[in-house]
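Time to open the notebook and look a few things up.

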Amino acid sequence: MHPDLSPTLPVIPEVCAELWASAARVLDANWVGDHTVPSRTLYPHQWSWDTAFTAIGLAYVNQPRAWRDLRSLFAAQWPDGRVPHIAFDPDTPEEAYFPGPRFWNVPAYAGRPARSSTGLVQPPLHALAAWEVYRHAAAHGADAVQQARIELDRLYPRLVAQQEYLGDRRDAGGGGLASIVHPWESGLDDSPAWDEALAAVPADPGLLDRHPRRDLALSDAAHRPTDTDHARYVGLVLDYQAGEYSDTGLAERHAFVVECPGFNAVLATAELALAQIAGVLGRPSEARRHRERARDVTAAIGRRLWNPETRTFHARDVRTGRLSPAHCVSGLLPLMLPDLEPDQVDGILAELRSERFGLPAPSHDRTAREFDTHRYSRGPVWINVNWLLRRGLLVHGRRDEAEELRRRLVRLVHRNGHFEYFHPEEGGGLGTSAFSWTAALCLDLLADRSAPAYARAA
Ligand code: 2M8
């Protein structure tokens with residue numbers, strides 16, 4: 001293995017200081033007045049789960065911006081509770097990103113003009129982000145703590161509405177889990193977890209002539225999803241849009257309806273964070289309800305997405321009832337949940353330590369035929385997913401492995417820069433540079449080694 005990916009050395013203070021300063025600079029450079037963009041070039045609007053990861057880093061260097069970022073995103077929340085996966089910046093030209101506002105053609109809603117957002121969602125990590133920003137407010141003084149309480153109070157009903165949308169309208173399978181209706185909703189766009197379900201979705205190459213890709217002008221085609229997948233992505237949006245982004249009867253009429261273990265692990269984690277927030281806001285019965293809900297979602301993940309033969313979690317195609325055969329990093333994310341069955345925790349840890357993955361974990365099984373060292377979520381290492389896995393290790397008392405992972409991630413970014421993703425064997429940076437969540441999560445990796453309040457003893 002390349003030395004960038006396997007240091008057992010401690011992280012030296014000079015490395016920490018340099019990385020801290022460079023990470024703060026990336027976040028400054030990507031701030032556009034009322035929100036942070038993931039990247040000035042490739043992603044020039046506000047993305048949903050990027051905002052959550054970014055707020056976790058801004059909590060250390062600029063609390064007002066962390067709250068502002070979350071507020072800007074929730075200003076785009078739909079009346080049904082969904083938080084759109086992109087909130088469009090009206091000052092950014094249509095050509096700067098495809099698919100842009102005109103393509104999504106979302107009608108006006110909740111006082112916002114037409115074409116303000118997309119109609120898809122992303123993993124609901126925002127309750128956890130809000131909790132983390134609040135937790136670090138004390139380091140910024142009494143005023144910051146007071147402001148943090150005001151922000152939590154304002155965000156809480158919005159976060160609850162987001163959970164209710166996902167738990168209710170998106171329970172297309174009727175088994176207590178949220179379904180995604182598009183690979184973009186997972187945040188792991190071209191993961192092999194969707195290959196089987198996507199194979200049933202028509203890929204019309206003509207769609208790419210009518211709606212040309214913009215990403216290939218800005219990054220290497222070998223690092224991005226293929227044209228075939230892209231044609232399916234465009235077709236799926238057009239279908240969802242034709243039904244006015246309604247979620248009624250999804251399993252019968254929409255071509256892609258999938259229960260993702262990563263998305264649902266974040267959904268349950270959000271309930272745990274909401275329980276902590278409700279506690280601070282003096283709402284003990286709501287806190288209890290959130291903890292119950294986290295247990296229910298955890299149990300549903302265990303019931304519906306666990307394969308006892310492979311001893312890991314897989315995505316479920318709601319239309320066919322089949323579990324995907326692929327071993328993907330999203331299958332390891334239920335490790336974040338404290339109430340997961342001990343046998344399932346052991347299964348994930350064994351998978352993580354096996355030749356398929358290792359630390360840091362690649363986005364896909366290293367031994368699989370379709371493992372691709374360069375292509376997006378089909379092999380490269382992503383900092384955000386590893387940050388979530390580290391949290392899972394801490395939740396289950398695996399402090400030594402969590403610390404080892406922390407050091408490796410810090411060293412990887414220090415040597416290569418704040419890239420979007422990294423080569424899983426050589427460690428070089430891939431995708432766009434100066435990427436917000438890489439920078440933000442580095443700040444957290446440098447500053448905080450504590451385990452979540454609900455962590456289990458080792
Ligand atoms: C990537 O997804 C967008 C579509 O939403 C794209 O490829 O254009 C994913 O990495 C996603 O997880 C991320 O939120 C987004 C912005 O960083 O980029």
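For the element names I use DSSP runs, numbered from the N terminus: helices are H or I runs of at least four residues, and strands are E runs of at least two.

Housekeeping next. This is a predicted model, so I note that local features need pLDDT of at least 70 and side-chain atom pairs pLDDT 80 or more, while totals for chains, interfaces and linings use all residues. Residues are numbered from 1 along each chain as its sequence is written, and side-chain values use heavy atoms, with hydrogens and water left out.

**Entry: the ligand**

I asked how many residues surround the ligand. I found 16, the closest being Asp50, Tyr97, Gly187, Asp189 and Tyr376; near here means a heavy atom within 4 Å. The shell divides into 10 nonpolar, three polar and three charged residues. In this scheme Ala, Val, Leu, Ile, Met, Phe, Trp, Tyr, Cys and Pro are nonpolar, Asp, Glu, Lys and Arg are charged, and the others, Gly among them, are polar.

Then I looked up polar contacts (pairs of N or O atoms within 3.5 Å). A side-chain N or O atom of Tyr97 is 2.6 Å from a ligand oxygen. For Gly187 it is a polar backbone atom, at 2.7 Å from an oxygen of the ligand. Asp189 brings a polar side-chain atom to 2.8 Å from a ligand oxygen. The protein covers 98% of the 420 Å² of accessible area that the ligand has on its own (Shrake-Rupley method, 1.4 Å probe).

Most residues other than glycine have a negative phi, and most peptide bonds are trans. I therefore listed what departs from that.

The peptide bond from Phe98 to Pro99 is cis, with omega near 0°, and Pro99 sits in the loop between β2 (86-87) and α4. Leu359 and Pro360 are also joined by a cis bond, with omega about -5°; Pro360 is in the loop between α13 (342-353) and α14 (383-395).

Asn105, not a glycine, has a positive phi of about 50° and lies in the loop between α4 and α5. Glu244 has a positive phi of about 55°, in the loop between α9 (227-242) and α10 (250-253).

**Entry: buried or exposed?**

My cut-offs are relative accessible area under 20% for buried, over 50% for exposed, and partly exposed in between (1.4 Å probe, protein chains only). Asn105 counts as partly exposed because its relative accessibility is 42%. Glu244, at 68%, counts as exposed. Val413, in helix α15 (residues 399-416), is buried, with a relative accessible area of 1%.

Note on methods
A polar contact is a pair of N or O atoms within 3.5 Å; within protein, one must be able to donate a hydrogen and the other to accept it, and residues adjacent in sequence count only if both atoms are side-chain atoms.
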